[in-house]
Amino acid sequence: MGFFLEVLLGGLMAGVLYSLVALGLVLIFKASGVFNFAQGAMVLFAALSLVRLMEKMPLPLALLATCVIMLVLAYAIERLVLRPLVNQPGISLFMATLGITFFLEGFGQILWGSDIYKLDLGIPKQPIIILENVFPGGILVGSDDLFATVVSGALVIVLAIFFQKTRIGRALRAVADDHQAAQSIGIPLNQIWLIVWTVAGLVALVAGIIWGSRLGVQFSLSLIALKALPVVILGGFTSVPGAIVGGLIIGVGEKMSEVYLGPHIGGGIENWFAYTVALAFLLVRPEGLFGEKIIDRV
Amino acid sequence: MFYREVGEFKSTYAADQVVFPIRQDRYFVWAVVLFAFVGVPLFANPYWFSAILIPFLILSLAALGLNLLVGYCGQISLGTGGFMAVGAYAAYNLAVRIPGLNPLVAFLLAGGITTVVGIFFGIPSLRIKGFYLAVATLAAQFFLDWVFSRIAWFTHDTPSGSLNAPPVTLFDFTFDTPVRKYLLCLSFAAAFAVLARNLVRGRMGRAWMAIRDMDVAAEIIGIRPLYAKLSAFAVSSFFIGVAGSLWAFVHLGSWEPLAFDVNRSFSLLFMVIIGGLGSILGSFLGAAFITLLPLFLNQFPAWLGLHWSTALIAHLESMIFGALIVFFLIVEPLGLARLWRIAKEKLRLWPFPH
């Protein structure tokens, strides 16, 4: 039982990390209808920028500078990619973000180097043991995992408030519903996109910090976007809570399958298990757990 | 002045329905084919064959298959690498396990097996579309990667997972020298290009295009999405499967599962986008472009007298690919093939454009 709970908890925490990346995807999709494949590359780029800037300046300054870099990046993407592609079908925009992915991966590594960098923000790492009196031996929990969970939880709450309560948040939702209608009541589309890509960039930075401090900042960070895809599919493209719940389900499912199913069919199934779950789910409910119903019109 | 329809009188239906309605076009295509079959083997050296021409032809074939699916039927797929792997491993297992089976027959049978796998992974397309489908095909990619690296039966229980292809022979003729390999690939590419061209202008291709342009409307005018979508997946997978077996047997010779990873899928998708969505010629142009660009980037610094590290070149390559994708999507969504078409239009009006 203790082991089961440990696996469960490990899965939940991994799930939180997936949710962080998925969150960026959902934000951009909600506000602009663009499925942003480049989120993983943005995570890599943000983390690389931070880690290399930290070598030259103190941490707060480096954080600030990275935020500015992400803002500039959002501006460039909006100006150079999205604006010329307004009113194109979603699939063109998706392929454009594929292009952005490759560009950012190359650019980031030319600019900042392609080694593995250690990111140390002073997050405590030593594992702690909880529930020692309930189970023999207790449950082992990494304190960096706990930190990640707290940060993501806080981020989700902030974003939820931002989307629901603020003026900009309402404008974002209006744009998501209908570009033209939003424009006609005086919401500046370009500014909204700039804001949402910046926010997604900052979410990418947070994800980059947390992933980076666990794995080291390296190219493979870019690949975690591939892990976040099934998460958003499962949770629904248009739902922030969906990204969180989807992430948790995928995280737990992955760990459980690896531990309990893996030994029977050969291990290493983590890579595709999440996708199969998401796919099976899509066949039953194409809009995901919390997504808005998709309606086709001629 | 010379390149125009005027003066061509069509007196039969067959003449009216030819693939290239303008006579000069027909001459030009025949000249290109003749040059490819006769001229190139006379002039090219072995390096050109093995580094440029053979990969180009095989990737063209794969891109052609993908283009049928993405460009003509509008179903985006990121699982191309996985389907190529199916073709390669199917051909390998057929050739090794069935004694006396000619590898060329194995290629076609492998295409058939890939078709079945492709249809299976195409089933979700009936329910989901757009980037949802892209993710579903990505699932196919990762699943197939895993199958071929973990299940030992497919790799014939070789401990390292890397395989050596048996030689490709036809009767007593072995395709061993670069020239022979090139001619083999060229024959496959040419035959499949003709096949694809005729498929897309027939009933099937029109159904695909209707589905691509608006699937709900297509369904209303009586096109069955089930048949249209699954036939696109089937035909596309067949092409890709044959390309995969050629890639493994003719180009690589020995390979491991990494040869067909997700980057292969992306690069094929890029070929289709850059070359031109919904164009046979575009598949070839895109494949040529993406095969040549890395070679050019490798040579380019040396011409300038610079010494760049390979890592820098690799990153630069990925940057340039990314920028080009965005550039083409913005400036010319129909790709290089569209530029070619514009050039032909201009030529028709030349020298009196008004």
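At what angle do the axes of H3(B) and helix H12 (residues 280-303) of chain B cross, and within what distance do they come? In this predicted model, the two axes cross at roughly 135° and come within 8 Å.

An α-helix has 3.6 residues a turn, so residues three or four places apart point the same way.

## Domains of chain B

Chain B is divided into domain 1, residues 71-260, and domain 2, residues 263-354. The centres of the two domains, taken over C-alpha atoms, are separated by 24 Å. Domain 1 of chain B gives 12 residues to the contact, and domain 2 of chain B gives 9 residues.

On the side of domain 1 that touches domain 2, two or more residues each come from helix H3 (46-72), helix H4 (80-97) and helix H7 (178-200) of chain B. That side divides into 6 nonpolar, 5 polar and 1 charged.

## Interface between chains A and B

Between the chains, 36 residues of chain B are in contact with 39 residues of chain A. Helix H6 (131-150), helix H9 (215-220) and helix H13 (310-331) of chain B each supply at least two residues of the side that touches chain A. H13(B) has the largest share of that side, with 13 residues. The residues of chain B on this side divide into 30 nonpolar, 4 polar and 2 charged.

## H8 of chain A and its partners

Helix H2 (residues 39-54) of chain A packs against H8(A), and the two axes come within 7 Å and cross at roughly 65°. That makes H2(A) roughly perpendicular to H8(A). The crossing of these helices is right-handed. H2(A) contributes Gln39(A), Met42(A), Val43(A), Leu44(A), Ala46(A), Ala47(A), Leu50(A) and Val51(A). From H8(A), the contact takes Ala200(A), Gly201(A), Ala204(A), Leu205(A), Ala207(A), Gly208(A), Ile209(A), Trp211(A) and Gly212(A). The residues of this contact divide into 13 nonpolar, 4 polar and no charged.

H8(A), which spans residues 189-215, also packs with helix H6 (residues 167-177) of chain A at an angle of about 110°, with axes 10 Å apart. H6(A) and H8(A) are therefore roughly perpendicular to each other. In this contact, Ile168(A), Ala171(A), Leu172(A) and Val175(A) of H6(A) meet Leu189(A), Ile192(A), Ile195(A) and Val196(A) of H8(A). The residues involved are 8 nonpolar, no polar and no charged.

## H4 of chain A

Helix H4 of chain A covers residues 90-112, which is 23 residues. From its first C-alpha to its last, H4(A) reaches 32 Å, close to the 33 Å expected at 1.5 Å a residue. Gly113(A) follows H4(A) and has a positive phi, near 95°.

Methods. Residues are numbered from 1 along each chain as its sequence is written. Chains are lettered from A and ligands numbered from 1 in the order in which they are written. This is a predicted model: local features need pLDDT of at least 70, side-chain atom pairs count only at pLDDT 80 or more; totals for chains, interfaces and linings use all residues. Helices (H or I, at least four residues) and strands (E, at least two) are DSSP runs, numbered from the N terminus. The expected span of a helix is 1.5 Å times one less than its number of residues. Axes are lines fitted to C-alpha atoms, for helices over the stretch in contact, and angles run from 0 to 180 degrees between N-to-C directions. Angles under 35 degrees count as roughly parallel, over 145 as roughly antiparallel, 65 to 115 as roughly perpendicular and the rest as oblique. Two residues are in contact if their C-beta atoms, placed from the backbone, lie within 7 Å. Ala, Val, Leu, Ile, Met, Phe, Trp, Tyr, Cys and Pro count as nonpolar, Asp, Glu, Lys and Arg as charged, and the others, Gly among them, as polar. Domain bounds come from an automatic or database domain assignment. A crossing is left-handed if the near helix is turned anticlockwise from the far one by less than a right angle, and right-handed if clockwise.
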